[in-house]
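Please look over the sequence and the 3D structure shown here before reading the report. The text is written for someone meeting this structure for the first time.

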Amino acid sequence: MPAYVIADVEVFDPAGFEEYRQRVPGTIARYDGRYLVRGGECDTREGDWCPRRLIVLEFPSLARAREWFASPEYAPLIVLRQRTARTKLVFADGI
């Protein structure tokens, strides 16, 4: 069953975040993930959630998404992202 990683990213150091943005796609692909949403305009219709930069990734399973997040390839990028942006991130099983 597919699984999704959903993130709301508020970048406060665009120059520093650029390195993350360039390096992360390779790690996602290595774990069979793919982007469904990568930034772009959001149109809030209900509630007060207004993501700064919405990211939605799809992986073949929740286990595979967790492997990516815990991988040695992604570990230094987590540090880089946390140094350059504030992130709200959830993992969700699909149907």
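The report goes from the whole chain to a few individual residues.

## Basis of the report

This is a predicted model, in which local features need pLDDT of at least 70 and side-chain atom pairs count only at pLDDT 80 or more, while totals for chains, interfaces and linings use all residues. Residues are numbered from 1 along each chain as its sequence is written, and side-chain values use heavy atoms, with hydrogens and water left out.

## Overall architecture

The protein has three helices and four strands, and along the sequence these elements are arranged in the pattern β-α-β-β-α-α-β. Here helices (H or I, at least four residues) and strands (E, at least two) are DSSP runs, numbered from the N terminus.

The radius of gyration of the protein is 13 Å, which agrees with the value near 12 Å that a compact globule of 95 residues would have; the radius is taken over C-alpha atoms, and the globule rule is 2.2 Å times the number of residues to the power 0.38. Along the principal axes, the C-alpha atoms occupy a box of roughly 35 × 30 × 15 Å. Of the contacts in the protein with a separation of 6 or more, 76% join residues 24 or more positions apart, where contact means heavy atoms within 4.5 Å.

## Surface and charge

Of the 95 residues, 35% count as buried, a term that means under 20% relative accessible area, with exposed meaning over 50% and partly exposed in between (1.4 Å probe, protein chains only). The protein exposes about 5,900 Å², and carbon and sulfur atoms supply 53% of that area; accessible areas come from the Shrake-Rupley method with a 1.4 Å probe, and for residues only the protein chains shown count as cover.

There are 14 positive and 14 negative side chains, and the centres of the two sets lie 4 Å apart. Lys and Arg count as positive and Asp and Glu as negative, whereas His and the chain ends are not counted; the place of a charge is taken as NZ of Lys, CZ of Arg, CG of Asp or CD of Glu.

Thr27 lies in helix α1, which covers residues 14-30, and it counts as buried because its relative accessibility is 5%. The side chain of Thr27 reaches the backbone oxygen of Val24 at 2.8 Å. Apart from neighbours within four places in sequence, Thr27 is in contact with Trp68, Glu73, Tyr74 and Leu77.

Ser71 is found in the loop between α2 (62-69) and α3 (75-84), and with a relative accessibility of 2% it also counts as buried. Its side chain makes a polar contact with the side chain of Glu73 at 3.2 Å, Glu73 being one of the residues in contact with Thr27. A polar contact is a pair of N or O atoms within 3.5 Å; within protein, one must be able to donate a hydrogen and the other to accept it, and residues adjacent in sequence count only if both atoms are side-chain atoms.

Glu18 lies in helix α1 and is partly exposed, with a relative accessible area of 32%. Glu18 and Thr84 are 66 residues apart in sequence, and their C-alpha atoms are 9.2 Å apart in space. In the loop between α1 and β2 (34-38) is Asp32, which is partly exposed at 47% relative accessible area. Asp32 has a positive phi of about 65° although it is not a glycine. Most residues other than glycine have a negative phi.

Tyr35 lies in strand β2 and, at 25% relative accessibility, counts as partly exposed. Leaving aside neighbours within four places in sequence, Tyr35 is in contact with Val24, Pro25, Ile28, Ile55, Val56 and Leu57.

Met1 lies in the segment before β1 (3-11) and counts as exposed at 58% relative accessibility. Not counting residues up to four places away in sequence, Met1 touches Pro60, Ser61, Leu62, Asp93, Gly94 and Ile95.

Lys88 is found in strand β4, residues 85-93, and counts as exposed at 60% relative accessibility. Beyond its neighbours within four places in sequence, Lys88 is in contact with Ile6, Ala7 and Asp8. The C-alpha atoms of Met1 and Lys88, 87 residues apart along the chain, are separated by 23 Å.
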